[in-house]
Amino acid sequence: MTDEDYMQHAIAQARLAAAAGEVPVGAIIVDPQTGDIIARAANGPIAQSDPCGHAEILALRAAGKAVGNYRLTGLTLYVTLEPCTMCAGAVSHARIGRIVYGASDPKGGAVESGVKFFAADTCHHRPAIKGGVLPDLCAQELKNFFKIKRLGKKA
């Protein structure tokens, strides 16, 4: 499968988040050696009453349980929105090998926007990064969600 194929799986998770009233961000974690998706997560901070319930964090937790290790060396994280600082830090600690994201987040992103977490001298692990995979489709999920929210309707 291609990066675009995997991103479609992350987008499916984002749609599940939106249907639950969460900001539509989705993430999957893939073992590039086998092509297997080992973890999937939809954004969930509201439902879980957890400020750390971002899709990336939830996917990292699920992947850790799936492989039986907190180190996720060599795995690839696909996420529909550029990760924030918290998520970038978790990715670094997990030793994820590669991040592939869809839409850029000029306001809250920390990978290639904002603070550029992985460029900091104090960052101890830097994954390979590929942004802009199906960015319009990923961004449209967010735009649709917030448009509905502004109109005062349920997502």
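User: Why is Tyr78 called buried?

Analyst: Tyr78 has 3% relative accessibility. Buried means under 20% relative accessible area, exposed means over 50%, and partly exposed lies in between (1.4 Å probe, protein chains only); Tyr78 therefore counts as buried. This is a predicted model, in which local features need pLDDT of at least 70, side-chain atom pairs count only at pLDDT 80 or more, and totals for chains, interfaces and linings use all residues. Residues are numbered from 1 along each chain as its sequence is written, and side-chain values use heavy atoms, with hydrogens and water left out.

User: How many aromatic pairs does a search of the whole structure find, and what makes the pair of Tyr6 and Tyr78 tilted?

Analyst: The search finds 3 aromatic pairs. In one of them, Tyr6 and Tyr78 lie 5.1 Å centre to centre with 35° between the planes. Rings of Phe, Tyr and Trp (its six-membered ring) pair if their centres lie within 6.5 Å; planes under 30 degrees apart count as stacked, over 60 as edge-to-face and the rest as tilted. The Tyr6 and Tyr78 pair is therefore tilted. Tyr6 is also buried, at a relative accessible area of 6%.

User: Why is the pair of Phe145 and Phe146 edge-to-face?

Analyst: The ring centres of Phe145 and Phe146 are 5.1 Å apart and the planes stand at 85°, so the pair is edge-to-face. Phe145 is buried at 5% relative accessibility, whereas Phe146, at 35%, is partly exposed.

User: How do you know that Lys130 and Asp3 meet in a salt bridge?

Analyst: A salt bridge is a side-chain nitrogen of Lys or Arg within 4 Å of a carboxyl oxygen of Asp or Glu. For Lys130 and Asp3 the N to O distance is 2.9 Å, so the pair qualifies. Lys130 lies in strand E5 (residues 128-130) and Asp3 in helix H1, so the contact ties together parts that are 127 residues apart in sequence. Helices (H or I, at least four residues) and strands (E, at least two) are DSSP runs, numbered from the N terminus. Asp3, Arg98 and Lys130 are linked in a network of salt bridges.

User: What makes Glu141 and Arg15 a link between separate parts of the sequence?

Analyst: Their closest N and O atoms are 2.8 Å apart, in a salt bridge. Glu141 lies in helix H4 (residues 135-150) and Arg15 in helix H1, so the pair ties together parts 126 residues apart in sequence. Glu141 is buried at 14% relative accessibility, while Arg15, at 41%, is partly exposed.
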